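This briefing concerns aromatic side chains and the charged groups placed over their rings. Please consult the sequence and the model shown below.

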Amino acid sequence: MKRDLRPSAFAPALLAGALLAALVCEPFAALAAAGEQEWDVVAGAEALPIALGDTFGTSIGAQLGGGYRYNITDFWAIDATLTGHAHPDLQFARGVLSARLIVDALTWVPALGVGVGGSTRDGGSVLGAAFAELAWRPSRGSGLVVRITGELHTTLPTSFGVLAGYRWYISDAAGLDF
């Protein structure tokens, strides 16, 4: 039996909500500084390639996660993230420790990174990940993010995912200075 893998109806509404929320942000640039620490929460829609029996397709689902970032310099940072993923036929969690190169840190924040971690997908696996990310951060407290991730798993085929979401920087929004 072949399954229907078309995008679900909630994904466009989730992206529209994230765009609307971004429009009400304060218009101040988000500068990064050496020694700065950030806690964040990200929510968004993601697309993952999946195989169900002999059927291959793309699953559109939701991602919710949290993370910690320590900026070693103005350009290099270390991240630790934990995310939950909910798709129509697939639910799993993933944790990754990564290093990132922040190309620029004003309103538009492009970054490249590599990391290692683990996933509970299909019984669990160790993974290596590489990502490219572009965040639009008009304020210190929040912003939109688009992220493309490629992963090598010990027990799963090589995969990739695309996330479009909204990120809240908890430490900045709450005025906390770690």
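A charge is taken to sit over a ring if NZ of Lys or CZ of Arg is within 6 Å of the ring centre and within 35 degrees of the ring normal. Arg137 lies over the face of Tyr169 in this sense, at 3.4 Å from the ring centre. The model is predicted, and a search of the whole structure finds 3 aromatic pairs.

**Charges over rings**

- For Arg137, the ring in question is that of Tyr169, whose centre is 3.4 Å away.
- Arg121 is placed over the face of Phe92, with 5.6 Å to the ring centre.

**The pair of Trp39 and Tyr68**

- Among the aromatic pairs is a tilted one formed by Trp39 and Tyr68, with 4.9 Å centre to centre and 55° between the planes.
- Because Trp39 lies in strand S1 (residues 37-52) and Tyr68 in strand S2 (residues 55-71), this pair ties together parts that are 29 residues apart in sequence.
- Trp39 is partly exposed, its relative accessible area being 40%.
- Tyr68 also counts as partly exposed, at 24% relative accessibility.

**The pair of Tyr166 and Trp168**

- Tyr166 and Trp168 form an edge-to-face aromatic pair, with 4.8 Å centre to centre and 70° between the planes.
- This angle counts as edge-to-face because the planes are over 60 degrees apart.
- Tyr166 is buried, with a relative accessible area of 4%, whereas Trp168 is partly exposed at 39% relative accessibility.

Key. Residues are numbered from 1 along each chain as its sequence is written. This is a predicted model: local features need pLDDT of at least 70, side-chain atom pairs count only at pLDDT 80 or more; totals for chains, interfaces and linings use all residues. Side-chain values use heavy atoms; hydrogens and water are left out. Rings of Phe, Tyr and Trp (its six-membered ring) pair if their centres lie within 6.5 Å; planes under 30 degrees apart count as stacked, over 60 as edge-to-face and the rest as tilted. Helices (H or I, at least four residues) and strands (E, at least two) are DSSP runs, numbered from the N terminus. Buried means under 20% relative accessible area, exposed over 50%, partly exposed in between (1.4 Å probe, protein chains only).
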